[in-house]
Structures are given as structure tokens and as C-alpha cells.
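Here is a short briefing to read alongside the coordinates. Please keep the viewer open and follow the points topic by topic.

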Amino acid sequence: MRPFCSMMNMRLSPGGWTIANGDLDYVGSLWAASDAVHSIDLNGFTPATLRQTFITTPGATYTVSFDLAGNSAGGPAVKRLRVTAAGQSAEKSFDTTGRSYAAMGWQRQSHTFTANSASTLLEFASLTDGSSGPALDNVCVVA
């Protein structure tokens, strides 16, 4: 399978990303994105869930990888999110202590899942209260 990848300034598929609840910030020049262009703060005024459905092969194993950092402008220092695909979830966190907009400290994260249908819903949900949440960029899914 060809990798299913995106920097946050591009749509992953014809349907693109949708916001399931809450709101988020699409960040351009406020901080240094991992792709040097744009990224997402999963907390606008409230925590958000970002999702997209893509084609999969039932029974196949996939790995979703992404760059994670956090908006250091407000607390809490540790930003948390949940990544879910095919109903299989993992929680990830990023500590913004000592970080700044100029030095975000992006970290590559991954989550492996097994597809259970011909299409899979991929979700990133902020688990951080407030308006400064986990930052997300460079999402990629590979079989």
C-alpha cells in the first residue's frame, strides 16, 4: 500500500479532515511547525477531535505516525491526546516544560492497529483542558 501521509496544510484524501467536536487552531507562523509550514493545535477555545476516514484492507495491520508537540502558552504543561483507528486507541503525551514557540521539540509518535473493515476512521482527540493543547503535524498511515 502506498503511504497515506499529510502535512497539516494538505488534505489527506478527497474527504479531508473534519472536526468532530470542539474547535482547534490551524497554526501557520505562530510557532515552528515540524514541516516548517503549518500544524494544528487540538485546542482552540475548547478541546477538539479531528478525524478522517480512509480506505483499508480488513485484517491488515497499519501504523499511523505523527509529530507531536504542545502549545506552551498555557497550562497544563503536559498535553495529552488520544489517537484512535479501527476502534483501537492509544494515549500520547508531550511535556512543554522548557519549550517555546521557537523550539517546539517535536517528537515522532506511532500507533499500530488492525483494520476491521474496508474503511477506517482515524481520530485525534485532545485530552487537555483549556485553550493551549497538543500540537499535531505530519500524519502518515502505512500498511
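In what order do the elements of the chain run from the N terminus on? They run β-β-β-β-β-β-β-β-β-β-β, and the count is 11 strands with zero helices. Please keep in mind that this is a predicted model, with an average pLDDT of 88 over the chain.

**Confidence**

- A pLDDT of at least 70 is reached by 89% of the residues.
- The stretch to treat with care is residues 7-14, where the pLDDT is below 50. In the model this stretch still has 30 contacts beyond near neighbours in sequence.
- Where pLDDT is low, the predicted coordinates should not be read in detail.

**The chain as a whole**

- The chain has 143 residues, and 45% of them count as buried.
- Taking contacts between residues at least 6 apart in sequence, 78% join residues at least 24 apart.
- The accessible surface comes to about 6,500 Å². Carbon and sulfur atoms account for 53% of that surface.

**The five-stranded open sheet**

- Five strands make up an open sheet in the order β2-β5-β10-β7-β8, with antiparallel pairing.
- At the edges are β2 (18-21) and β8 (88-95), each of which pairs on one side only.
- On average, neighbouring strands of this sheet are turned by 25° against each other, with direction ignored.
- On the β2 side, three bridges connect β2 with β5 (residues 49-55), and the two strands run antiparallel. T18 has R51 in β5 as its bridge partner.
- On the β8 side, β7 and β8 run antiparallel and are joined by eight bridges. K79 stands opposite F94 in β8.
- In a regular strand the side chains alternate between the two faces of the sheet.

**Pairing around β11**

- β11 is a mostly covered strand, with eight of its nine residues buried.
- One antiparallel partner of β11 is β6, over seven bridges. Here D67 stands opposite D137 in β11.
- β4 also pairs with β11 in the antiparallel sense, over two bridges. In this pair D41 stands opposite A135 in β11.

**The nonpolar core**

- Which residues touch the most other members of the largest nonpolar core? They are V64, F66, V83, F113, L122, F124 and V139, out of 29 residues in this core.
- Two or more core residues come from each of β5, β6 (61-70), β7 (78-85), β8, β10 (119-126) and β11 (134-142).
- β6 gives the largest share of this core, five residues.
- Leaving aside neighbours within four places in sequence, V64 is in contact with V83, Q109, S110, H111, F113, L122, F124, V139, C140 and V141.

**Backbone details worth a look**

- The peptide bond from G75 to P76 is cis, with omega near -5°. P76 sits in the loop between β6 and β7.
- A86 is not a glycine, yet has a positive phi of about 55°. This residue is in the turn of the hairpin formed by β7 and β8, which has two residues between the strands.
- Is A86 buried or exposed? A86 counts as buried because its relative accessible area is 13%, under the 20% cut-off.
- N138 likewise has a positive phi, about 50°, although it is not a glycine.
- With a relative accessible area of 16%, N138 is buried.

- V37 lies in the loop between β3 (25-27) and β4 (39-41).
- The relative accessibility of V37 is 33%, so this residue counts as partly exposed.
- V37 and V27 are 10 residues apart along the chain, and their C-alpha atoms are separated by 8.6 Å.

Key:
Residues are numbered from 1 along each chain as its sequence is written. This is a predicted model: local features need pLDDT of at least 70, side-chain atom pairs count only at pLDDT 80 or more; totals for chains, interfaces and linings use all residues. Side-chain values use heavy atoms; hydrogens and water are left out. pLDDT is the predictor's confidence in each residue, from 0 to 100. Contact means heavy atoms within 4.5 Å. Two strands pair if DSSP finds at least two bridges between them. Helices (H or I, at least four residues) and strands (E, at least two) are DSSP runs, numbered from the N terminus. Axes are lines fitted to C-alpha atoms, for helices over the stretch in contact, and angles run from 0 to 180 degrees between N-to-C directions. Buried means under 20% relative accessible area, exposed over 50%, partly exposed in between (1.4 Å probe, protein chains only). A nonpolar core is a set of buried Ala, Val, Leu, Ile, Met, Phe, Trp, Tyr and Cys residues joined through side-chain atoms within 4.5 Å. Accessible areas come from the Shrake-Rupley method with a 1.4 Å probe; for residues, only the protein chains shown count as cover.
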